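Student: I am new to this structure. Please take one part of it, the metal site and what surrounds it, and go through it closely.

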Amino acid sequence: MTDISGLSADFFTLYKMKQERSLIMQNAKDLLNKGLILDNAKAYLTDPNMLNAAVHNSLKDSFGSYVCPDCGIEIKNKKWAMLHKKYHDAKREFKENEAKITKLRPYVE
Ligand SMILES: [Zn+2]
């Protein structure tokens, strides 16, 4: 049995881990498929070690879930929620910059 971060490896824990794992994996797929995460953060959702860490963290800190006020997606991991927030921040910033550039150089193609 691998390290499960101090949790006792009884049946219930294993069952919970399995359930949590499938929720987390599905959540990662959703975020990736819908493109709701920045490219430089994708490793958090694809690297097997990072995914394992995410499952362990969500079992440990009972984060529950975060529902994004911008796009409504539900996120099961605290770190991912932060990464997803950065995605919206970056998008907003990009739009603002684009608007500024258009104002400054109206005839740019
Ligand atoms: Zn969102």
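Tutor: The model is predicted. The zinc ion has four donor atoms, and they come from Cys68 (SG), Cys71 (SG), His84 (NE2) and His88 (NE2), at 2.0 to 2.3 Å. The angles among these donor atoms run from 101 to 116 degrees, and the site is tetrahedral. For comparison, the ideal angle for four tetrahedral donors is 109.5 degrees. Along the sequence, the donor residues follow the spacing C-x2-C-x12-H-x3-H. Cys71 sits in the loop between β1 (66–67) and β2 (74–75), while His84 belongs to helix α4 (residues 78–104), so this pair ties together parts that are 13 residues apart in sequence. Is each of the two buried or partly exposed? His84 counts as buried because its relative accessibility is 0%, under the 20% limit. Cys71, at 36%, counts as partly exposed.

Asp70 pairs with Arg92, with the closest N and O atoms 3.4 Å apart. Asp70 is in the loop between β1 and β2 and Arg92 is in helix α4, 22 residues apart. Both residues are partly exposed, Asp70 at 46% relative accessibility and Arg92 at 39%. Through shared partners, salt bridges join Asp70, Asp89 and Arg92 into one network.

The count of salt bridges comes to four. Among them is the one between Lys76 and Glu74, whose closest N and O atoms are 3.4 Å apart; Glu74 is partly exposed, with a relative accessible area of 37%.

Conventions: Residues are numbered from 1 along each chain as its sequence is written. This is a predicted model: local features need pLDDT of at least 70, side-chain atom pairs count only at pLDDT 80 or more; totals for chains, interfaces and linings use all residues. Side-chain values use heavy atoms; hydrogens and water are left out. Donors are N, O and S atoms within 2.8 Å of the metal (3.2 Å for Na, K and Ca); water is not among the atoms, so sites may look incomplete. Four donors count as tetrahedral if all angles lie between 85 and 135 degrees; four count as square planar and six as octahedral if opposite donors are over 155 degrees apart and all others between 65 and 115; anything else is irregular. Helices (H or I, at least four residues) and strands (E, at least two) are DSSP runs, numbered from the N terminus. Buried means under 20% relative accessible area, exposed over 50%, partly exposed in between (1.4 Å probe, protein chains only). A salt bridge is a side-chain nitrogen of Lys or Arg within 4 Å of a carboxyl oxygen of Asp or Glu.
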